[in-house]
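Dear colleague,

I am handing over the structure that we spoke about, and my notes on it follow below. Please read them with the coordinates open.

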Amino acid sequence: MKMIHSLSDFLNRVTDGPRRVTELRRRYRQAYGDDPTVVVSAPGRTEIIGNHTDHNNGRVVAAAITQDTLVVAGPSQTPRESTLRLLSLGWDQEFSLDLAHPDRMSHDTERLMLGVAEGLAQRDLPAPPYWGCMESRVLPGSGLSSSAALEVALAGVHGALAGVNISPLEAALAGKYAENTHMNKPSGLMDQLASALGGMNAIDFIDPEAPRIHRMEVDFSRTNHTLVVVHTGGSHADLTDDYASIPREMKAVAKALEAETLSETSRKDLLAHLSSLRAQAGDRAVLRALHFFAEQDRVSAFADAADSRKTTELLRIINESGDSSTGLLQNITAGGAWQDQSLGLGIALTRSYLEQRQATGACRVHGGGFAGTMLAIIPDDLLPEYSHALERAFGEGAVVPLEIRPQGLMAAQLAGTEDIPE
């Protein structure tokens, strides 16, 4: 799968590509007094099945979306040739990192910039320094993985400047390294790989260095449904411990079964040692392990249904995944929260709405959970009414329609090109 495309192909495949690239080139010239030489786009992602399974080398279904991070860049200029610089439209500050003094970082974006460069270098891939200007349409805090889109895009910048087609897996692994090492987040590889691959894929992480990928052609719009995320509110700022507890507890069950991850065990093993597992890891850990095994089966069933174009079955499986996250994984409400349970409320309202209308559809937690967003699939003819109903509860603009983007990480050369007609 090639990363570097012709400029015309790139512009045709990126939402509002000509206008956005023109504006970014103008801002780059204004800031750095020169022209950028490459342009890169990486999409956000939506999780369909496989809630909190990738960090235990499990299976997921995820899809890239048309909301993306777009970067124009050129090689670092003298006198600071070892410096990474990145302007972001909408921010007042420039993110800057001197690779000769990596301890002098003041922002999470700079930590990700360093992490991606290190992640590529550790895999003997080129990571030339850059100066860049970016715009992101992946809404932050939305569960659509704005950080993964940025990480994958920056990996693409390094590759494009070196004239190398960085593979989706290589870009994803560099992004995961940045998250794990410089952000202290024990995340798996799903977000970055879904962004880098594009389209909708069932991914098996049994070997995280060589995941098995099954591409699926699923387009809910063909069956008159729309994929949406609903921003139910709540901040992710203080939820790192809640997120970290899930892989920690799942791996505690695996360890008690003399394995490193749950992917090396089975539901049968768990049930055979249930009493000792409850004593060693606790009941919540056991329930979360049961969720893991059920999600593995659901990913396989979803792939089969997708290949057979059985839309009703796809929706049923998505609803089952949502029920499992609520009842077994328990990532709907943060510990101790009783007044703010907006995510659970959004799911309940959506289920009630679909049942009252006797409509086909689905909903589930989206991403990490505990706060933020839920995923829903709503019939097109009901979407305006549904959006109005949910936005009365969660505010104007809470319901955001999504489209699946077939292309993942993309780059093109800008050097020598004329201004792009909008």
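Why does Asp16 count as partly exposed? Its relative accessibility is 33%, and residues count as buried under 20% relative accessible area, exposed over 50% and partly exposed in between, with a 1.4 Å probe and protein chains only. Before going further, please note that this is a predicted model, in which local features need pLDDT of at least 70 and side-chain atom pairs count only at pLDDT 80 or more, while totals for chains, interfaces and linings use all residues. Residues are numbered from 1 along each chain as its sequence is written, and side-chain values use heavy atoms, with hydrogens and water left out.

Asp16 is found in the loop between helix H1 (7-13) and helix H2 (17-32), where its phi is near 55°, a positive value in a residue other than glycine. Arg309, in the loop between H10 and helix H11 (311-329), likewise has a positive phi of about 55° although it is not a glycine; because its relative accessibility is 56%, Arg309 counts as exposed. Helices (H or I, at least four residues) and strands (E, at least two) are DSSP runs, numbered from the N terminus.

Turning to the sheets, 4 strands form an open sheet in the order E10-E11-E9-E12, with antiparallel pairing, where two strands pair if DSSP finds at least two bridges between them. Its edge strands, each pairing on one side only, are E10 (362-365) and E12 (399-402), and the twist averages 25° from one strand to the next. E10 pairs with E11 (residues 372-379) in the antiparallel sense over 4 bridges, and Ala362 stands opposite Ile377 in E11. Helix H13 (residues 383-394) lies across E9 (225-233), E11 and E12, and runs at about 5° to E9; axes here are lines fitted to C-alpha atoms, for helices over the stretch in contact, and angles run from 0 to 180 degrees between N-to-C directions.

Elsewhere, strand E13 (residues 410-413) pairs with E1 (residues 4-5) in the parallel sense over 2 bridges, with His5 opposite Ala412. E13 also pairs with E2 in the antiparallel sense, over 4 bridges, and there Gln413 is the bridge partner of Val38.

As for helix packing, the axes of H7 (residues 240-256) and H10 (residues 283-307) come within 8 Å and cross at roughly 90°. That makes H7 roughly perpendicular to H10, a term that covers angles of 65 to 115 degrees.

Leaving aside neighbours within four places in sequence, Met113 is in contact with Leu84, Arg85, Leu86, Phe95, Leu97, Tyr130 and Leu154.

Key. Contact = heavy atoms within 4.5 Å. Parallel < 35°, antiparallel > 145°, perpendicular 65-115°, else oblique.
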